[in-house]
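Work through the exercises below with the model open. Try each task before reading its solution.

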Amino acid sequence: MPFEFSVNVGRRNARAAGRKLSKREICRLGTLTHIPQDGLLGSLLVLLGFGADWCCYDLHLLKNPLPERPGQRGSTECLQRAVLKLLHYLFHTRNHTFILLHLVLQGMVYSEYTCEVFGYCRELEFPLHYLLLPYLLLIVNLVFFTLSCVSNPGTITKANELSFLQVYEFDEVMFSKNMKCSTCNLRKPARSKHCSVCNRCVHRFDHHCVWVNNCIGAWNARYFLLYLLTLTASAGTMAVVSTVFLVQLVVLSDLYLETYVDDLGHFQVVDIVFLIQYLFVTFPRIVFMLGFVVMLSLLLGGYLCFALYLAATNQTTNEWYRGDRAWCQHCPHAARPPSAEPQVYRNIHSHGLWSNLREIFLPATAHYERKKN
């Protein structure tokens, strides 16, 4: 039976465009009516004609858009405002949404590990301390997660402004003397920054983390680093335990030695793809959880390496971003005469690996405040 679909579409689009079909177009579309329905080439030509017709129709709509229905524009603007308000609430105001999401995801992963992997591994006589390691990491992780959420990152106030000004040296490139925060009306110590989300200036500001609903600064950077380390370790440990369980299951059942019959009736040796498909059908929740924790381990591991690099070189995320993006050649905001030579940013705060790490885990200002009290 010949195709009439493309012709009808062409005619409808021509009527929608307010014009008649030309003879050339009628001949072109008429040739499509004699294409057999079961031909691959014919189907391809019909699809191409259908796509071309729709492209012409879309171009016509761009030039002469259809009139909007009553209330359509208002509903679109309301939806856009609602989305913008939601994004502003999630990422530009302090809220507990990502904290709850973090706890829910962590609870779901550990529930699946407890109900599925732990029970099967006990039947296979896995060492108990090997299976309990993720729970130990979970407890330690929740401790540092709580400390990262509730601890003071190093808020600058009138009372501690002078002490913070004496901690770090001004490099006169990224951080200049006698700079004041226009919002807090405070002198800005070196390596500090005003957080627009928390509405405060933070000493040795690193970044604002939505997952802990807090700024990461001089006083809680150690907690955040250990939280990130234990979270990566817990995800990696569960990935290793789940993988070892599935591998041992395949080895004990000699599944890798089996054969199967393919669609052509030929016997094929079991390969990796077939094993993964078989395991996904047999243990779908475990395989899905394994894929999730593997992906999470890779993402967290990459970010952990970046955080350790910053700690080893005594940089913050804010300084790394500004140094590589805006300050690598010259500082456009530094207070200097127009004729002066552009100043190149150089990290003056790095004093060796162990000194840099000691500064993270034993902040100078925190030690100063304890002695003062």
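Predicted model: local features only at pLDDT ≥ 70, side-chain atom pairs only at ≥ 80, totals over all residues.

**Exercise 1: Cysteines**

Count the disulfides, taking a disulfide as a pair of cysteine sulfur atoms within 2.5 Å.

Solution. The count by this rule is zero disulfides. Start with Cys 181. Its closest cysteine sulfur belongs to Cys 201 and lies 3.4 Å away, too far for a bond. Cys 181 is buried at 6% relative accessible area. Here buried means under 20% relative accessible area, exposed means over 50%, and partly exposed lies in between (1.4 Å probe, protein chains only).

Residues are numbered from 1 along each chain as its sequence is written, and side-chain values use heavy atoms, leaving out hydrogens and water.

**Exercise 2: The nonpolar cores**

Find the residues that touch the most other members of the largest nonpolar core. A nonpolar core is a set of buried Ala, Val, Leu, Ile, Met, Phe, Trp, Tyr and Cys residues joined through side-chain atoms within 4.5 Å.

Solution. The largest core has 25 residues, and the answer is Tyr 113, Val 117, Cys 121, Leu 131, Leu 246 and Val 293. Now assign helices, which are DSSP runs of H or I, at least four residues long, numbered from the N terminus. H5 (97-123), H6 (128-150), H8 (221-252), H9 (272-282) and H10 (284-312) each supply at least two residues of this core. Then inspect Val 117. Beyond its neighbours within four places in sequence, Val 117 is in contact (heavy atoms within 4.5 Å) with Glu 112, Val 241, Ser 242, Ile 286 and Met 289. A second, separate core holds 19 residues, including Tyr 223, Leu 231, Ala 311 and Ile 360.

**Exercise 3: A glutamine in H5**

Decide whether Gln 106 is buried or exposed, then find its polar partner.

Solution. Gln 106 sits in helix H5. Its relative accessible area is 10%, so Gln 106 is buried. Its side chain makes a 3.0 Å polar contact with that of Asn 141. Such a contact pairs N or O atoms within 3.5 Å; within protein, one must be able to donate a hydrogen and the other to accept it, and residues adjacent in sequence count only if both atoms are side-chain atoms.
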